[in-house]
Every structure is written in C-alpha cells, then in structure tokens.
Amino acid sequence: MKSLSQCRIPATYMRGGTSKGVFFRLEDLPEPCQQPGKARDDLFMRVIGSPDPYSAHIDGMGGATSSTSKCVILSKSNRPEHDVDYLYGQVAIDKTFVDWSGNCGNLSTAAGAFAIHAGLIDEARIPDSGVCTVRIWQANIQKTIIAHVPITNGQVQECGDFALDGVAFPAAEIVLEFLDPSDNSENASMFPTGNLVDELVVSGVGSIKATMITAGIPTVFVDAEQLGYTGTELQEDINNDADALERLEEVRTEGALRMGLIKTPEEAQQRLHTPKVAFVAKPADYVTSSDKQIEADDIDLLVRALSMGKLHHAMMGTAAVAIATAAAIPGTLVNLAAGGSERKSVCFGHPSGTLTVGAEAVEENGVWKAKRAIMSRSARIIMEGCVHVPADAF
C-alpha cells in the first residue's frame, strides 16, 4: 500500500467580493512552486481538489463553482509605486487545467486586505485608524489596482454594515480602483475589432450583434433578446439547460476568435477563463435568487454573465469593469441597453441583486481609452493556517 506524508503549506482562505480563494505568500510555497510551471499548477489543482469527475471538490478547498475554485499568490513588489504583486489562478473543476489568462476582480479586494494581514505592507504606511491604500500590481494582466482598505486599531477592519448582493452577511467596505483597465498603449483600442458593434455568425445561433471589449477582462456582450432571453434569468434557467450552455459557449468561442485571443475553436477549451460572455437587456422588474424584488426604475440595465461555462450567481468584478466601461461609450450594446446616454456610472441588475460601478472612458484620436473604474466590495478571512496536500501532488 502506498504510504506518503502530507505537505503542510501556510495558507489563508478568504472571501473577496462574491468569490472565495486560497491565498499564499510566494515565499511560503514549496520551492518548485515558486516559479510558474507544472509544479505550481499541479499544487493548485490538488489544493482545490481538481480535476474532479464528480464536480464536487470533496477532496479539496474548492466549492465546485467558478467563484470558489481559485488560488492567489502575493509577494512584495519590486515595481516602482506598487506594494505587492498579485497573481491569480482560476482552477478548472473537472479538467486538469489552471487558467492564468485573466484577473479576478472580486479577489482583488481580498488581495489588498491579505497584503496587510500577511505583513507585505510597510507598517509605517498602516494607520492606527483610517484607510490604508494598497497599490497592487496585477501580474496576470499587467495592470494597477488600488485598494482602499479600512483600518481599526492598526488591523484590517473586516466587520461592518456594507451589504453586497450575492453575499449573505454585511462586512466592511473596501473601495477598489482599476487604473487604465484597457490597453492604453498608443493607438491601441479596447475594442479588438475596431468596432463598437460587430456581427457574429455563430453555429446553432445564427447571426447576432456583439460588443467585444477588453477592459477589466475580455468580454463578449450580446443582446439577450437575440438569444431568446429577457435578461431576468437566474442560474437554474441557464445552468440546467445543456443546450443553452452549449450555444453560449459557441458565442464565446466565436468572440474569442474575432478578438484574436485564440486561433482555432479548439483553443477555447484551453482558455476557459477568458473571454467572458454576457447578455444584456433593458431594465425590467425581476425577483433575485434570494427572492428580493428589483424594480426596473432602480437599475439602468440587466446583465447576465457566464464564468467557466456557467451563469455566475452574481457578477465577476472584472466583468463589472467591462460593463461600466462599455456603458460609458455611446453606441455599444451595453450603452444602448442602458438608454444610450453618456454616463460616468451604471447600476445593473444581476441574478443576486444590483451593483453600481463607476467608469471613465475618453476618445483620443478616434480611439476609445478606459481611464479608471471604481467599485465597492468587501473581504474577510474565513480560515488561516496550513493547507495539506499529498507530498507527491507536485
């Protein structure tokens, strides 16, 4: 009988926004896993409990959803004007795969708090009470995120009365700023095709209009009505319909091809995290997954987004950046669903409730640039100590 010891690795289990993940300091990882590669991927899959043919994550820290199958590495940053480097891995549930192609906006909130908890921030910059500004380098997408973390008695304040739809309990508010969330290099457009709206011809769907944008995270927006939806759908309406999921994956794949993210349709299965696909609709009354009534007059539009092949229970933070940025640009499908007017912020309805996000976008020499997106989230430690994995896991 095979007899192996387990490896103990210091780790912290945190909620950030509407996601959860296992957080590590880079220096605490086993030496083979301190560099990108197979050893790191193997470790993170074993920590989460993937691949799991039962899609249950019984033998790991994951929760068998895209929102809970995540690992994060933080380290002190050598980059000027930044405190920490933040690297995010989205772990597939039933496949042997870790996707490093994008960021998790929700866990960006926890990254700021964890940086303080983990001693990665100079103590001189942490007030006794007030707000600590944590300057984060998002290593996956090479972007800057600023987290404004509340501090009480020299420690991160985690408890509070800030309510976030999609999270059962209130907590302390953390304000996130996503700086230059699109490609702001000279003459680069956040719209990879150069168009605000394109026509996609999708197998099993037909010809549909799409806004494809790279801001926060690459996202393909389509009109809910063209897919036969109202925009008020909840998780079970989509996730229990295998044909619907297949059609939406076809839309995502075609969008990825047009955006230049993949070269062949087969590559989409090796890039599950990006792009996202979302459908939008004009405001309408609906009831959330928690039986909360949302009135059409209280929102600007409806958005439903998929993550890792399933309808998200709320909204991904990075997708929220894409929504707000697209809403700020007249002529996009998101902007049209929100009424077509110029705006600096947008309140949209998602399956768990509503979310308001601010965004600033400007047109320079005929090219749209995203300058900033702002939203409020919350984060807290759920458990800290050591995660155990079999010694031959990596």
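Let's start at Gly119, which comes after helix 2 and has a positive phi, near 75°. Before we go on, please keep in mind that this is a predicted model.

Now step back into helix 2 itself, which runs over residues 105-117. How far apart should its ends be? At 1.5 Å a residue, its 13 residues should span 18 Å, and the end C-alpha atoms are 19 Å apart, so the two agree. Is this helix mostly covered or mostly open? Mostly covered: twelve of its 13 residues are buried. Among them are Gly105, Asn106, Leu107, Phe114 and Ile116.

Let's zoom out for a moment. The protein has six helices and 21 strands. Its C-alpha atoms fill a box of roughly 55 × 55 × 45 Å along the principal axes. For 394 residues, a compact globule would have a radius of gyration near 21 Å, and the protein has 20 Å, which agrees. Of those 394 residues, 54% are buried. If you take contacts between residues at least 6 apart in sequence, 64% of them join residues at least 24 apart.

If you click on Phe348 and leave aside neighbours within four places in sequence, its contacts include Ile299, Leu301, Met315, Ala320, Ile323 and Val357.

My last stop is the aromatic residues. There are four aromatic pairs in total. In one of them, the rings of Phe24 and Phe44 have centres 5.4 Å apart and planes at 10°, so this pair is stacked. Phe24 is in strand 2 and Phe44 in helix 1, so the pair ties together parts 20 residues apart in sequence. Phe24 is buried, at 0% relative accessible area, and Phe44 is buried at 0% too.

Phe44 has another partner, Trp100: their ring centres are 6.0 Å apart with planes at 40°, so this pair is tilted. Trp100 lies in the loop between strand 5 and helix 2, so the pair ties together parts 56 residues apart in sequence. Trp100 is partly exposed, with a relative accessible area of 23%. Put together, Phe24, Phe44 and Trp100 form one aromatic cluster.

Definitions and conventions
Residues are numbered from 1 along each chain as its sequence is written. This is a predicted model: local features need pLDDT of at least 70, side-chain atom pairs count only at pLDDT 80 or more; totals for chains, interfaces and linings use all residues. Side-chain values use heavy atoms; hydrogens and water are left out. Contact means heavy atoms within 4.5 Å. Helices (H or I, at least four residues) and strands (E, at least two) are DSSP runs, numbered from the N terminus. The expected span of a helix is 1.5 Å times one less than its number of residues. Buried means under 20% relative accessible area, exposed over 50%, partly exposed in between (1.4 Å probe, protein chains only). The radius of gyration is taken over C-alpha atoms; the globule rule is 2.2 Å times the number of residues to the power 0.38. Rings of Phe, Tyr and Trp (its six-membered ring) pair if their centres lie within 6.5 Å; planes under 30 degrees apart count as stacked, over 60 as edge-to-face and the rest as tilted.
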